[in-house]
Amino acid sequence: MYWAVTILMLAAMPAMAQTSQSFLAKFLPDIDPAALVEGADAFGPIRADLAVAPILSAGQQIGHVFITSDFVGTTGYSGKPIYTMVAVDDDAVVLGVDLVKHSEPIVLIGIPDSKIKNLATDYRGLSLVDEAVAGGSGHELDIISGATVTVMVIDDSIIRSGLKVARALGLGGLAPETDTGPKYEIDGSTDTPDSWMVMEGDGTVRRLSLDVSQINAAFETMDDPRAARRAMKEPPETNFIDMQMALVSVPPIGRAVLGDADFGNLQEWLEPGDHAIAVVGRGLYSFKGSGYVRGGIFDRIVLIQDDISVRFRDRGHRRMGVIPLGDVPEFTERDLFKIPADSGFDPTRPFRLQLLVQREVAAIEKVFTTFDLGYQLPQTYLRPLAAPVAAVPQAGTGEEAAQQALWKKIWQDKRLEIAVLSSMLTVLTLAFFFQVQLTRSERAVRIFRYGFLTVSLVFLGWYANAQLSVVNIMALFGALTSDFSWQAFLLDPLTFILWFAVAAAILFWGRGAYCGWLCPFGALQELTNHIARYLKVPQITLPWGLHERLWPIKYMIFLGLFGVSLASIEHAENLAEVEPFKTAIVLNFVRAWPFVAYAAALLIAGLFVERFYCRYLCPLGAALAIPARLRMFDWLKRYKECGSPCQTCAHECMVQAIHPTGEINPNECLNCMHCQVLYQSETKCPVVIKKLKRRSATSDPAAFLKKREGLENHPNIQNS
């Protein structure tokens, strides 16, 4: 029994497990060399010191191949890595690029995957030496409208990882950078500036100012003639954007720009090693834009320092208050952006903020160009760094320590979400433990249930995207065949907590604790069904024989998916689209029409047959139901009269989980507590009614005679 529980607890995590094996070793056997580089016919063995392999033609080495994710972070809009294979020759020229694997929603909302893959061909012939000279911006980026973030992440990962590999191997004359110049650290004791104009003059605040004529001129030089034809009509001297930036994590600058109180709040927001910039702007164009969403990326700006690039997500963003200086211009945008410590950013060295400017050239097409706002912290805020003392090796350093620091930081950032989920689990646990007291009132149970399901749908589902999936369980078995790592599983705290809660709940109550209360899609089905009932939509009760024969369908679906996952987890993930969770919960129905139509059809069926999908099709429910009989307690109270002759609970069970003979099927029960409400009902349960009848007869014969006539006519009494 306990091994099964352990497996279920391990299944508690998303398919994120990484191993000590490189991504190159994982993907290389499935790549066609000729598709990556014309004329290539084989790959050589992967180097022992670097995740790089030679690419061969007729036995001769013509270049080197690697996966970007082995060298740089490649997290895309989906929050998952974008794995890109790159081939470079000895001159550090790109020979080919192949988008190996991604989980980007762009493919799901109308942009063909082939369009993204074809973008990779544009990198052939790109010189990484030129990119090193230009600081990673020596080429034009062909951005696809609607996939700005994805394309920019792919481009960033190709250039930065390419430079790392080229320098490590000495390709094109590039060598690892060695900085022999003086080292500096931030001097926090410098006097706080008292004038915006003074800060502009000494470089504490840097400025990028562009007018309409400069923007029109920039687009006129582009290869696409449509950009010039769509020139802006405003007067040439009109301010397009006036953008200014300051490194406000430096104490004197932060106190001047934010004020003492807000600078104190900034320090609480930043973790050790983090930095922050203040960006303010005015004009026709917004550096922030309006296209970002919760969990998304600000795609118009990126911070670049040498090979490092930092893209800002909404969780690393805050709005600024009014700047407490008398000579500050009027700005329409004032924002703070966090630079994480693990980015490798050095505040004492020069960096730049790159602005992406777009222009519509057709109904759904845009072209893009970039402008740089350079920044160097003035010398007055720096002091020479003392010679470092020889470091003593300590335990917990290296990649393992870095992974540990990462998941701890993620948990820290998710404190609010974790607190809400923990509160939900605590409340639900108390409700189950004290269900006798709760179910005395049918109205209390109804209010509690509708309220809890609404929170599950809105918070767990649409806000936090904490929708569990059968893919999590299939991924477990793939992870068990490789080097298992808890560190990676901890990167998704809500999913981690939910799965462990599910594992514990199965021991006590079966699968119903999750399926009946915590599943966002299940909540969506039930809430929409109750709206339909309120609107008098007729309900369909399937005959018991047919209903019982439809139960096995979900088990067959699960076993089929599990079998496919043993051969290919990727194919199993594709087939797992039988779950409508991604469409209805994660992507909020913003998806290609067949997926939306499928999810909508299931919800429509659920308007007539309550929890239709949960009853007959859900592979996740089937996977949780298999170990449901491991539960150690039977919390649902029954009378010996249940089922014979009384059928009240069986008739009113929302998913028909009660057999005509009266027993509750734990594989199908959703623990909605309705049968426990009926168990204590003084108006519906014939056993309770008889008890009241006998009690009345013995305590007050006169009152009994008065009530007898009404009780004897009660339909449940007659049936019994």
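This is a predicted model: local features need pLDDT of at least 70, side-chain atom pairs count only at pLDDT 80 or more; totals for chains, interfaces and linings use all residues.
**Overview**

Begin with the whole protein on display. Its secondary structure comes to 32 helices and 16 strands. Of the 720 residues, 49% count as buried. Among contacts between residues at least 6 apart in sequence, 72% join residues at least 24 apart.

**Stop 1: helix 13 and helix 18**

Select residues 415-433, which form helix 13, together with residues 493-508, which form helix 18; the two pack at an angle of about 10°, and their axes are 10 Å apart. Helix 13 and helix 18 are therefore roughly parallel to each other. To display the contact, show Glu 417, Ile 418, Leu 421, Leu 425 and Phe 433 on helix 13, and Pro 493, Leu 494, Ile 497, Leu 498, Ala 501 and Phe 508 on helix 18. Coloured by class, the contact of helix 13 with helix 18 has 10 nonpolar residues, no polar residues and one charged residue.

**Stop 2: helix 15 and helix 20**

Next, select helix 15 (residues 442-463) and helix 20 (residues 520-534). Their packing angle is about 135°, with the axes 8 Å apart. Helix 15 and helix 20 are therefore oblique to each other, and their crossing is left-handed. Helix 15 contributes Arg 449, Tyr 450, Leu 453, Thr 454, Ser 456, Leu 457, Leu 460, Gly 461 and Trp 462 to the contact, while helix 20 contributes Pro 520, Ala 523, Leu 524, Glu 526, Leu 527 and His 530. By class, the contact of helix 15 with helix 20 has nine nonpolar, four polar and two charged residues.

Stay with helix 15 and centre the view on Ser 456, which is located there. Is Ser 456 buried or exposed? With a relative accessible area of 0%, Ser 456 is buried. Neighbours within four places in sequence aside, Ser 456 is in contact with Met 424, Gly 461, Trp 517, Leu 518, Pro 520 and Ala 523.

**Stop 3: helix 20 and helix 25**

On helix 20, Phe 521, Leu 524, Gln 525, Thr 528, Asn 529 and Ala 532 meet Leu 603, Gly 606, Leu 607 and Phe 608 on helix 25. By class, the contact of helix 20 with helix 25 has six nonpolar, four polar and no charged residues. Leu 524 is listed in the contact with helix 15 and in the contact with helix 25.

**Stop 4**

Most residues other than glycine have a negative phi, and most peptide bonds are trans. The next selections depart from these patterns.

Select Asn 465, in the loop between helix 15 and helix 16 (470-480). Its phi is near 55°, a positive value in a residue other than glycine. At 30% relative accessibility, Asn 465 counts as partly exposed.

Move to Lys 536, in the loop between helix 20 and helix 21 (544-550). Lys 536 is not a glycine, yet its phi is positive, at about 70°. Its relative accessible area is 73%, and Lys 536 is therefore exposed.

Then select Ser 644 and Pro 645: a cis peptide bond joins them, with omega about 10°. Pro 645 belongs to the loop between helix 27 (619-625) and helix 28 (648-652).

**Stop 5: helix 8**

Select residues 212-220. Which residues of helix 8 are buried? They are Val 212, Ile 215, Asn 216, Ala 218 and Phe 219. Viewed down the axis of helix 8, these buried residues fall within an arc of 160°, so they line one face of the helix.

**Stop 6: Leu 128**

Finish at Leu 128, in helix 5 (residues 128-134). Leu 128 is buried, with a relative accessible area of 1%. Apart from its neighbours within four places in sequence, Leu 128 is in contact with Val 88, Ala 92, Val 94, Ile 159, Gly 162, Leu 163, Ala 166 and Leu 174. Draw a C-alpha to C-alpha distance from Leu 128 to Ala 92: the two are 5.4 Å apart in space and 36 residues apart in sequence.

Definitions and conventions:
Residues are numbered from 1 along each chain as its sequence is written. Side-chain values use heavy atoms; hydrogens and water are left out. Axes are lines fitted to C-alpha atoms, for helices over the stretch in contact, and angles run from 0 to 180 degrees between N-to-C directions. Helices (H or I, at least four residues) and strands (E, at least two) are DSSP runs, numbered from the N terminus. Angles under 35 degrees count as roughly parallel, over 145 as roughly antiparallel, 65 to 115 as roughly perpendicular and the rest as oblique. A crossing is left-handed if the near helix is turned anticlockwise from the far one by less than a right angle, and right-handed if clockwise. Contact means heavy atoms within 4.5 Å. Ala, Val, Leu, Ile, Met, Phe, Trp, Tyr, Cys and Pro count as nonpolar, Asp, Glu, Lys and Arg as charged, and the others, Gly among them, as polar. Buried means under 20% relative accessible area, exposed over 50%, partly exposed in between (1.4 Å probe, protein chains only). The arc is that of the directions from the helix axis to the C-beta atoms.
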